[in-house]
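Please have the coordinates open as you read.

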Amino acid sequence: MYYDMIMAGFGGQGIQIISQLVAVAAINKGYEVTYLPSYGVEKRGGRTNVFLVISDEEIGSPITNHPYALLVMDQIAYDTYIHILRPDGLLVANESLINTSTNRRNDIVSCCLFCNEEAVKLGNAKLANMIALGALLKNSNVLTVDDIEKVIDQVIPERLSHTIPANMQAIRHGYGLA
C-alpha cells in the first residue's frame, strides 16, 4: 500500500493539526509515514501545506509530485496543486473558499463541501478542517474515523483537550456529508 497526499491552506485553518492526526494514526496502525510540513513565518494567514506519504514499505522520498489525494482549504491552495493531482486522484475541497467551477479535471474524484458553513452549523467555525478531514477519511479508505479517535488526544494539545468531542463530531459530520 502506498498513499500520498498534500494538504494545504492558510495559517489558522488547522492544516497542520489534521495532517498530524493522519500521520500519527497511520503510524499507530503500523504504516511507514513521512510528514513534511511547510508554513510561513506569519502566526496566522501565511501559506501552509503538508506533504504526507503513508506506506506499508519503506518510503524513498517525502516529496510527492502527483499525489493520490489533495485536501485544500482555500483558492490559492487549490490553484497551486490541482494540476498535479494524479488521474483518478481524490480532491477534497473547501467549497466555502474555493470556486470549484473552474475545475476542468474530469479525471479525478471530487468531494467539495462547504466546510465553513457546516462548521458554523456545528457551532464553531474552527471545525472546518475537521469536516474536510472526515471527507478525506470517507473517500480515501486508508484510515478510519476510529483510527483518528484513538490518537486525537495525542495530537490535540492538553490545553485544548476540551475540544476533542467537538472535533470528533465534526469529523463524523464531514464523513457523513462526503
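1. Let me begin in a loop. Asn 141 is exposed, with a relative accessible area of 68%; buried means under 20%, exposed over 50% and partly exposed in between, using a 1.4 Å probe and protein chains only. The residue lies in the loop between helix 4 (128–140) and helix 5 (145–155), and although Asn 141 is not a glycine, its phi is positive, at about 55°. Helices (H or I, at least four residues) and strands (E, at least two) are DSSP runs numbered from the N terminus.

2. A word on the basis of all this. The model is predicted, so local features need pLDDT of at least 70 and side-chain atom pairs count only at pLDDT 80 or more, while totals for chains, interfaces and linings use all residues. Residues are numbered from 1 along each chain as its sequence is written, and side-chain values use heavy atoms, with hydrogens and water left out.

3. Asp 88 is found in the loop between helix 2 and strand 5 (90–94), and is exposed, with a relative accessible area of 69%.

4. Now the overall fold. The chain has 6 helices and 6 strands, and from the N terminus its elements run β-α-β-β-β-α-β-β-α-α-α-α. The radius of gyration is 15 Å, close to the 16 Å that the globule rule gives for 178 residues, so the chain is as compact as a globular protein of that length. That radius is taken over C-alpha atoms, and the rule is 2.2 Å times the number of residues to the power 0.38. Along the principal axes, the C-alpha atoms fill a box of roughly 40 × 40 × 35 Å. Of the 178 residues, 48% are buried.

5. On to the rings. Rings of Phe, Tyr and Trp (its six-membered ring) pair if their centres lie within 6.5 Å; planes under 30 degrees apart count as stacked, over 60 as edge-to-face and the rest as tilted. By this rule there are 3 aromatic pairs. Tyr 3 and Tyr 68 are stacked, at 5.5 Å centre to centre with 10° between the planes. Tyr 3 lies in strand 1 (residues 2–10) and Tyr 68 in the loop between strand 3 (47–55) and strand 4 (69–72), so the pair ties together parts that are 65 residues apart in sequence. Tyr 3 counts as buried at 10% relative accessibility, whereas Tyr 68 counts as partly exposed at 29%.

6. Phe 51 and Tyr 81 form an edge-to-face pair, 6.3 Å centre to centre and 80° between the planes. Phe 51 lies in strand 3 and Tyr 81 in helix 2 (residues 75–81), so this pair ties together parts that are 30 residues apart in sequence. Both Phe 51 and Tyr 81 are buried.

7. Ring pairs also link Tyr 2, Tyr 3 and Tyr 68 into a cluster. Arg 86 lies over the face of Tyr 68, at 3.8 Å from the ring centre. The charged end of Lys 138 sits over the ring of Tyr 175, 5.1 Å from its centre. Such a contact needs NZ of Lys or CZ of Arg within 6 Å of the ring centre and within 35 degrees of the ring normal.
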